[in-house]
Amino acid sequence: MWKALLNIKNPSQKWTLFLLAGCVYAWILPVFFLGFLQITKVAFSEPYIQVPPYKNLLTHFSWEFIEFKIYLANLFDLFNEKIYVYAFGRSLKIAGLSTLIALIVAYPMALGLVMMPKRYQSSLLLLILLPFWTSFLLRVYAWIGLLNSDGIINTALMKLGLISTPLALLYTDFAVVLGIVYCYLPFMLLPLYSTLQKFDWSLIEASADLGCKPWSSFRQVLLPNTVSGIFTGCFFVFIPALGEIIIPILLGGSKAVMFGRVIWEEFFFNRDWTMASMLSLALLVILMFPIYRAQKKGDL
Amino acid sequence: MYNLFPRLRGALWLGYFFMLAPLIYVIVYSFNDSRFVSVWSGFSLKWYHHLWNNKVLMTATVISLQVAFLSASIAVLLGTIAAVTYTRFPQMRGRGFFSFISIAPMVLPEVVLGMAFLMAYLVLQDWVGLPRNRGMLTIIIAHATIGMAYAFIMIRNRLKNFDSAVIEAAMDLGATPLSIFFKITIPIIAPTLISAWLLVFILSFDDLVVASFVSGAEVTTLPMAIFSSIKFGLTPEINALATVMIVILSVGLLLISRKLTQKDESGMILQPPSE
């Protein structure tokens with residue numbers, strides 16, 4: 001469709017491309033890409049109590065010889081230090097569980113939304129977007145007030161006489177999972193909704209005519225046809241959940257060690273930039289694969 | 001439409017309850033007279049008064065608004081350039097890398113992004129002496145880069161289902177590429193540009209993690225100020241602040257979405273950019 005404009009052999013087109021792509025690269029390479037090169041470098045540098053808190057990798061450079069000093073202790077620590085391995089396993093567990101629960105909560109909601117009369121759907125979508133637009137921090141904060149030992153939920157349960165002592169809700173894994181599900185639910189809901197909206201419902205009717213019970217129609221017809229929405233939703237919940245910092249700090253208390261939080265604390269409290277870089281690099285390498293796949297599939 | 005599970009409406013209302021109840025709780029308790037966040041002792045507006053007189057939060061709000069305004073504007077500009085480049089030149093060399101690096105700031109976790117921006121600034125400072133110190137400017141640059149990824153995807157998706165007949169007609173009539181861009185492309189994608197701008201504005205206004213990495217000691221954005229006051233314990237002032245933000249957002253969302261949703265074919269205003 002852009003045939004006439006696409007002739008890049010045309011020199012003026014070529015210059016336009018250079019100019020446009022050049023603008024983008026000139027911005028993104030120095031402020032973003034360079035950072036990753038530097039993270040890789042610092043990850044293999046020796047920690048040093050100075051500003052900046054690492055030693056230079058390149059120790060000597062002259063025409064005769066170049067001297068590097070590559071520090072590998074951080075790389076080994078990644079696998080040997082119990083805290084990192086533990087934090088990673090726990091992050092995987094919490095992010096996985098939250099993604100699953102978000103899917104279980106969001107799928108019936110999205111289905112219910114699609115089945116609502118058309119004229120209500122856009123207002124109902126707005127109600128989903130409202131919490132999504134509201135400050136993330138304030139949404140997490142609301143849960144502190146709800147889950148606290150003298151919070152609304154405990155007070156209400158005690159008044160009703162269901163419990164005599166307050167339940168420990170805040171500062172547990174339960175609170176962290178709840179917080180993640182709550183905050184990332186719209187990310188799951190919206191892709192599911194738009195996939196379900198495109199779904200051809202006559203297929204369900206056909207399957208019912210052929211004798212499918214609702215449940216098996218769902219499993220054999222609807223579910224396989226909405227896999228792409230499920231994947232997109234899970235992707236957008238799982239990846240941020242894996243690196244989540246604020247929710248474990250505010251809702252999980254001191255015990256909620258998660259990978260993102262470990263990086264945060266290495267950086268801000270221990271001031272060990274080299275280890276923080278190594279951990280970031282590890283997270284980056286792990287996430288490269290799903291991100292690459294998602295992009296290949298055209299989800300992004 | 002065939003109704004597969006008639007009881008789904010219940011699930012929908014339950015879901016809405018789950019999503020909205022915390023917000024309602026915050027709004028109701030912002031009018032609570034008591035210092036304690038769970039005891040209701042009467043209606044009062046005193047927390048709004050406290051909020052208004054809270055210098056730290058107010059200064060931080062002004063800073064955050066400025067940062068969000070500028071980063072959204074830069075992000076939309078860069079995102080438009082990137083999206084036009086991407087759709088107009090399918091034969092471009094390194095197109096995969098181009099799109100990957102434009103999208104990467106959106107999909108990577110915030111911690112990694114924050115580290116990357118900080119490291120990049122330090123290297124640049126070492127090489128060319130800029131940015132001289134960390135503060136508003138470095139936050140704006142970081143937010144603009146992240147926002148650009150969102151703007152890129154939204155605008156790209158809009159340009160993809162763009163009726164090319166209009167462009168061809170304009171070309172047949174002798175319009176130059178530049179005038180086609182400003183007189184046809186821009187007006188058609190304008191609703192998407194506005195949605196993208198709003199999204200980036202909100203993302204920037206809301207960001208704690210990246211800003212904490214890249215801001216210096218003097219500059220505190222609103223999320224940073226809220227975070228430190230939450231860590232000291234619950235204060236009803238934050239409830240009042242949350243209420244103000246929710247009210248502004250709902251009114252804004254209602255006003256804007258009516259206009260934009262019909263025109264913006266890149267998706268609902270603020271559909272996750274995956275679509």
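This is a predicted model: local features need pLDDT of at least 70, side-chain atom pairs count only at pLDDT 80 or more; totals for chains, interfaces and linings use all residues.

Colleague: How many residues of chain A are in contact with chain B?

Modeller: On chain A, 92 residues are in contact with 79 residues of chain B. Helix H2 (residues 11–43) of chain A gives the most to that side, with 17 residues.

Colleague: And what is the make-up of that side of chain A by class?

Modeller: The side of chain A that touches chain B has 70 nonpolar residues, 18 polar ones and four charged ones.

Colleague: Now the backbone. Which phi does A:Tyr171 have?

Modeller: A:Tyr171 has a positive phi of about 60°, although it is not a glycine. Most residues other than glycine have a negative phi.

Colleague: Where is A:Tyr171 placed?

Modeller: A:Tyr171 is in the loop between helix H7 (152–159) and helix H8 (173–198) of chain A.

Colleague: Why does A:Tyr171 count as partly exposed?

Modeller: Because A:Tyr171 has 19 C-beta neighbours inside 10 Å, whereas a buried residue needs 20 or more.

Colleague: What about A:Arg271?

Modeller: The phi of A:Arg271 is also positive, near 50°. A:Arg271 lies in the loop between helix H13 (259–268) and helix H14 (273–297) of chain A, and it counts as partly exposed because it has 14 C-beta neighbours inside 10 Å.

Colleague: On to chain B: which residues of helix H10 are buried?

Modeller: In helix H10 (residues 222–231) of chain B, the buried residues are B:Leu222, B:Pro223, B:Met224, B:Ala225, B:Ile226 and B:Phe227.

Colleague: What follows H10(B)?

Modeller: H10(B) is followed by B:Gly233, with a positive phi near 125°.

Definitions and conventions:
Residues are numbered from 1 along each chain as its sequence is written. Chains are lettered from A and ligands numbered from 1 in the order in which they are written. Two residues are in contact if their C-beta atoms, placed from the backbone, lie within 7 Å. Helices (H or I, at least four residues) and strands (E, at least two) are DSSP runs, numbered from the N terminus. Ala, Val, Leu, Ile, Met, Phe, Trp, Tyr, Cys and Pro count as nonpolar, Asp, Glu, Lys and Arg as charged, and the others, Gly among them, as polar. A residue is buried if 20 or more other C-beta atoms lie within 10 Å of its own, exposed if 12 or fewer, and partly exposed in between; C-beta atoms are placed from the backbone.
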